[in-house]
Amino acid sequence: MYFYRSKKQKLYDPELGQYVSFGIGVWKPFAAAPVLFIPDVSSDGKAVRRLALRCTLCQLDPLHLWDVVEDFIG
């Protein structure tokens with residue numbers, strides 16, 4: 001079983017300055033560290049939370065998270 005969560009991040013880019021973005025990660029139950037975390041997915045926190053919920057409900061294999069995020073962004 002996997003649990004997907006969004007995480008708010010305060011980031012810095014030389015061209016943009018400081019900005020807030022949301023990443024998505026996948027955890028196994030009771031694990032302290034994520035199996036995989038993809039930072040800076042979107043500045044739309046609500047959309048990333050919805051994506052994390054869908055991934056959890058569908059029990060997406062972490063192997064496919066990069067592809068799902070790529071489709072989400074594109």
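Let's start inside helix α1: its buried residues (under 20% relative accessible area, 1.4 Å probe, protein chains only) are Gly 45, Ala 47, Val 48, Leu 51, Ala 52, Cys 55 and Thr 56. They pack against strands β1 (3-13), β2 (17-27) and β3 (36-42), and against helix α2. Helices here are DSSP runs of H or I with at least four residues, and strands are runs of E with at least two, numbered from the N terminus.

A quick note on the model: it is predicted, so local features need pLDDT of at least 70 and side-chain atom pairs count only at pLDDT 80 or more, while totals for chains, interfaces and linings use all residues. Residues are numbered from 1 along each chain as its sequence is written, and side-chain values use heavy atoms, leaving out hydrogens and water.

Now for the partner helix. α1 (residues 45-58) and α2 (residues 65-73) pack at about 140°, with axes 12 Å apart; axes are lines fitted to C-alpha atoms over the stretch in contact, and angles run from 0 to 180 degrees between N-to-C directions. On the α1 side, the contact (heavy atoms within 4.5 Å) involves Ala 47, Val 48, Leu 51 and Cys 55, and α2 brings Leu 65, Val 68 and Phe 72.

What sits at the N-terminal end of α1? Asp 44 caps that end, from the loop between β3 and α1. Its side chain reaches two backbone nitrogens:

| Asp 44 side-chain atom | Backbone nitrogen | Distance |
|---|---|---|
| oxygen | Lys 46 | 3.3 Å |
| polar atom | Ala 47 | 3.2 Å |

Just after α1, Gln 59 takes a positive phi of about 50°.

Technical notes
Buried < 20%, exposed > 50% of the residue type's maximum accessible area, 1.4 Å probe, protein only. Polar contact = N/O pair within 3.5 Å; in protein donor to acceptor, adjacent residues only side chain to side chain.
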